[in-house]
Amino acid sequence: MGNSFRIGYGAAVVTAATLAAAGAGALALLAVGASPLATYATIFTGPFKDLFGVSEILVRAVPLILVALGIAISFRSGIINIGAEGQMLMGILAATATALALKGLPGWALLPLTLLAGAAGGGLWAGIAGLLRARLGVNEILSTVMLNYIAAQLYTFLLRGPMIDPGELETGSGTPQSMRLPRAAWLSRLVPGTRLHTGLLLALVLAVAVYVLLWHTTWGFRLRAAGAEAKAARYAGISVERSLVTAMVLSGAFAGLAGAVELTGVHHRAIENISSGYGFAGIVVALFGALHPAGIVPAAVFFGLLLVGADMTQRTAGVPANMILVLQGVIILAIVSAKMYLNNAYAQERARRMWARLRRPSSAAPRPGGLS
Amino acid sequence: MHNDAAAAVEPILELRLAGITKRFPGILACDDIALDIRRGEVLALVGENGAGKSTLMNILAGMYQPDAGTITLNGRPVRFRDPSDAHARGIGMVHQDFMLVPNMTVAENVALGLRRLHRCLRLDLAEARRLLLETAARHELPVHPDAYVWQLSVGEQQRVELIKTLCFGAQVLILDEPTSALTPQETDDLIDRLKRMSAQLAIVFISHKLNEVKALSDRVAILRRGAVVFQGPTTEQSPADLAALMTGREVVLPHNEGRAQGGAAILEARQLQVRGDRGHLAVDGLDLSLHAGEILGLAGVSGNGQRELAEALTGLRPVAAGGIRFLGRDCTHTGVAARIAAGLGYIPEDRHHEGIVPAFSVQENLALKDFATRRFSVGGLLRLRALADHAAGLRRHFDIRCASTAAAAGSLSGGNIQKVILARELAREPRALVAVYPTRGVDLGAQEFIHAQLLARRAAGGGVLLISEELEELMNLSDRIAVIYKGRILKVLPSAEATRERLGLLMAGVIDGE
Amino acid sequence: MNPGGMVYNILSLGVPFSVALLLASLGEMFNQRAGVFNLGCEGIMCMGAFLAFLPPTFLKAGPLAPYGNLLGFAAALGGGVLLGLLFALVTVTFRADQGIAGIGLQMFGWGLSGSLFRHYIGGVTGVEGMAAWPIPGLARIPFLGGILFNHNPVVYFAFLLVPASWYVLYRTPWGLKVRAVGTAPRAADSMGIHVNRVRYQALMLGGAMAGLGGAYLSLCQAKMFADDLVAGRGFIAVALVYFGRWSPLGILGGALLFSLAQTLQLSIQVGGIKFPYEFAVMLPYVLVILVLALARKARMRGPAQLGVPFDREMRY
């Protein structure tokens, strides 16, 4: 009875959470005068109407995978990184600067350097929060959120000033964007006629790499131990402070890389709103994917679908763009609530007894027995 | 819901539990229990650790809900949905972990629980103070109403807990392991007090210390594995009878027979000073020397610096002054990992959150200190096969009861978690092993096993520093016993000279004049 | 611009600028004292700002116009209570991770307020704001009069809440329960206090105050609504509780400090000093990080059970 009950219980909790999230989303849609059914229908079917739509799902999924992988590493190591948005921006700045500075290099050198610069930019930015937490005990949620705001200002400043495309100044239009990146620093197109690029392959390879890192290396063992129970990790001789900083830097590096990939694969220049909320959406994807690469990849595809679909509803039904934030918030709340129910042995036990009582109303006392 | 003291509540003449059953995930804590509690007498509730005594009383005090069974008060059925229901009816419990808010005064703590003092916008602290002093005078328990709880000693806090329950109008007083943190002299004192109080109240006192049970109780109920196996007058049972009933068989705990090998000093502390969590000097000029091939027991009331000493020795707490030497080399400031690598083992007090990573599997926990060694990893990659084999072997040898070595270690019972920790530490064959309360909360069978393992380590030439609250355990296993008091070693006695009386005096800070 | 004039400007602006932070932070103090930290404070402020904006905008022309602001504050208060209730459901009843749940609530509030605004109002509209009530006599004191006694009633209300909060926390039975529940919930439970119920109450109060703080931003300070109106003040409010060591007076000090940083930024621009706009905007956020970094000793004295859900049946 044990296993089948556990599976049924898990399914019931997940279904309840899904329904709650969908219901809350529906209420919000009603409040803005949109029809929930029509909106959900557009979101879930619209993108599949043509090849371009399907490819767009994957285009959105790429940065989501990368950010979520980094978030998974940080969450599992016991440090909560909400700063992916700012880390992406810093990564983009570093990558843009590198690509433009080393213009003359051939593609096989320029592209990897650009991507590495992006990772370094994001990693260093996150490292600030990591060090603050490890050395001074500063709450990392607060520090990464603050760093997000700071990064946003820095980004705007640089794009409007020192890093602006000289062409903009000449023509006088003053759009805050950088110069176009040299062709050598572009990720190649995977499917002609779409925006899908080789960044997808990179993301998938890194997903496998993260799996190996976390569960098959001594490094990953240390990170997971520090995240699961810092006291025991310290007892075992693991430096929790070093794990926290490492995890944070890695997490930021993935976010920075996501930014660099978006830069070199999709936009080819630094523009405003380039990160379009991927930093926050990545957190939701990571949670949805149960902080495991095998869950993150399909979760990212699902979220890509949501994002493309939401874009469509914005254009066709006039649903405000912020609704996607509402949905994300609702999903987060539903997931963290469900998670506690799934992990909590006491709740499971209470549910099991209630179920047993419902199925056998005649017998009063449950059969004495041993382990579940 | 809260009434004034005994006046408005009907006096409790008899409290009867019948058919009480309670389960927790994976454990049947109470199995169809029937129990009688009567006014004017002291009932002792006895059993091994994990037998279900605390759970049963928590049900009576309204903290847990039974899955089945009834409670009748003076013949009428009652149900306690939460602790305030139980309070209202006159049930008061003094828990093993005191239920006091540390950063509030004694009076505020009492005021917290007295609903009638809560006048919408004003808190009547003056009334709480008056009630406290009145109750204290009536039962001869001195108390300071305006002292902050964190400033009080353990014995004083216990007194506050007692008075608090009496202020709430308790007629049935339940005490859960009241003497675990007291010196032998304080224990005798408490027993006298309780005897005097038992005339007007019904007292239930939970213990696993049989000599106290004999001294204090009129009737005794024995629990084994969640079921009552005996209920009757105490006078008819000898401690040996009680022990046999508790365990269901003859248990002879292993005894340290041999003479100490008298090996070299392997772990030494010299004039050690270590700061506690609140900044005070928890260890204050301590000298200690553990030799190879011996078990050195460390006796003392908990809170005298044992935890800080163990943490300093193993590298988990910085040393303020003084030195530590391991295997002849100074290691005062070396890190934890270096000491582990040099052969220092540690069985910590907090087995659930320090000794294991609860979310990790048993297999991963068994290699928690060695995962990076060549045996289990190559070039950074873990050798999962080697880990699995290692775990399987240890599981067999130490008889660790778990569904599989892939099960989460946190889901195991307390005794089995302790076995995992022990297995891991002993398999590394440490030169010195620091063991802090290794048998706390573990049933007699597992205790037997742990004692045997410690003695085996000693026989193999290792040294064991055994920190424990149980005097019997220390006297049984140690070659020498040191007594720690206020962060210092008062005296080290050879085990032949260590009697309960001498140790008791030393634990209270009295250095006998010799 | 003469330095004296600049200082006067900074201080007299600084006082009302601190109101939103002060309100939200005092509310968060109650949350944290009870053992729960609510990072969704930011989202609640966003919703409060939006809800407060509705009545004055729609009632502008009608007979209820003079009551617009009052209704706005009432709406924000109600919305804050509801969101606080939602957060309590997730973190107290469902025992979810408070940090992540807070971010979820923040996204929800931020997105919903923006979406609703775009749908129902859209565009850039303004409200009249609130007139100042100069305190007779005191307002005429040179220099100090203008800084302290010449503000709209909400400012006075917010500052009066500081001693009021102190009284509630330390002198009333409910405050005693809140403090007990955040430090030793097991002990409180054993004495018959409904730990979860007290936490619900604290969260609803905190939500109400955060809503009021947001309402102040849109109705009195900026006199308009936009997506980036709150701009992280909710998070700063949470940080202020740590900085102020969970005491009303410390929080007051922190709120004033932060608002001074903001008014400094404005004064620099108005004063014509050459300083990049974006760097000036960054100031408060950098200040938060500095303050958190330097205030680390304070964390040791926080409520012992902050962030830990309570379950009576759990044995460890």
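Visitor: Where does Gly462(B) lie, and why is it called buried?

Guide: Gly462(B) sits in the loop between α15 (444–459) and β22 (463–467) of chain B. A residue is buried if 20 or more other C-beta atoms lie within 10 Å of its own, exposed if 12 or fewer, and partly exposed in between, with C-beta atoms placed from the backbone. Gly462(B) has 24 other C-beta atoms within 10 Å, so it is buried.

Visitor: Which residues does Gly462(B) touch, not counting residues up to four places away in sequence?

Guide: They are Ala292(B), Pro430(B), Arg431(B), Ala432(B), Leu433(B) and Arg457(B). A contact means that the C-beta atoms of two residues, placed from the backbone, lie within 7 Å. Gly169(B) is 293 residues away from Gly462(B) along the chain, and their C-alpha atoms are separated by 54 Å.

Visitor: What kind of model is this, and how are the names assigned?

Guide: The model is predicted: local features need pLDDT of at least 70, side-chain atom pairs count only at pLDDT 80 or more, and totals for chains, interfaces and linings use all residues. Residues are numbered from 1 along each chain as its sequence is written, while chains are lettered from A and ligands numbered from 1 in the order in which they are written.

Visitor: How confident is the predictor in the complex and in chain C?

Guide: The complex gets an ipTM of 0.89 and a pTM of 0.86. For single residues the confidence is pLDDT, from 0 to 100. Chain C has a mean pLDDT of 87, with 94% of its residues at 70 or more.

Visitor: What about chain A?

Guide: Chain A averages 88, and 96% of the residues score at least 70. Confidence in chain A is lowest in helix α7 (residues 166–171), at a mean of 76, and highest in helix α8 (residues 199–216), at 96. Over residues 363–372 of chain A the pLDDT is below 50, and this stretch has 12 contacts beyond near neighbours in sequence. Where pLDDT is low, the predicted coordinates should not be read in detail.

Visitor: What makes the radius of gyration of chain C agree with a compact globule?

Guide: The globule rule is 2.2 Å times the number of residues to the power 0.38, with the radius taken over C-alpha atoms. For 316 residues that puts a compact globule near 20 Å; chain C has 20 Å, so the two agree. The C-alpha trace of chain C spans about 65 × 45 × 40 Å along its principal axes. Buried residues make up 54% of the chain. Its secondary structure comes to 12 helices and zero strands.

Visitor: Why are α1(C) and α9(C) called roughly antiparallel?

Guide: Helix α1 (residues 3–33) of chain C packs against α9(C) at an angle of about 170 degrees, with the axes 7 Å apart. Angles run from 0 to 180 degrees between N-to-C directions, and axes are lines fitted to C-alpha atoms, for helices over the stretch in contact. Under 35 degrees counts as roughly parallel, over 145 as roughly antiparallel, 65 to 115 as roughly perpendicular and the rest as oblique. The pair is therefore roughly antiparallel. Residues in the contact include Phe17(C) and Leu23(C) of α1(C) and Leu205(C) and Tyr216(C) of α9(C).

Visitor: How do the residues of that contact divide by class?

Guide: They are 17 nonpolar, five polar and one charged. Nonpolar covers Ala, Val, Leu, Ile, Met, Phe, Trp, Tyr, Cys and Pro; charged covers Asp, Glu, Lys and Arg; the others, Gly among them, are polar.

Visitor: What makes up the side of chain A that touches chain C?

Guide: 39 residues of chain A are in contact with 42 of chain C. On the chain A side, α1 (2–31), α5 (107–136), α6 (140–160) and α14 (323–343) each supply at least two residues. The largest share, 13 residues, comes from α14(A). By class, this side has 28 nonpolar, 10 polar and one charged residues.

Visitor: Why does Ala231(C) count as partly exposed?

Guide: Ala231(C) has 19 other C-beta atoms within 10 Å, so it falls in the partly exposed range. Ala231(C) is in the loop between α9 and α10 (233–243) of chain C. Its phi is positive, about 50 degrees, although it is not a glycine.

Notes:
Helices (H or I, at least four residues) and strands (E, at least two) are DSSP runs, numbered from the N terminus.
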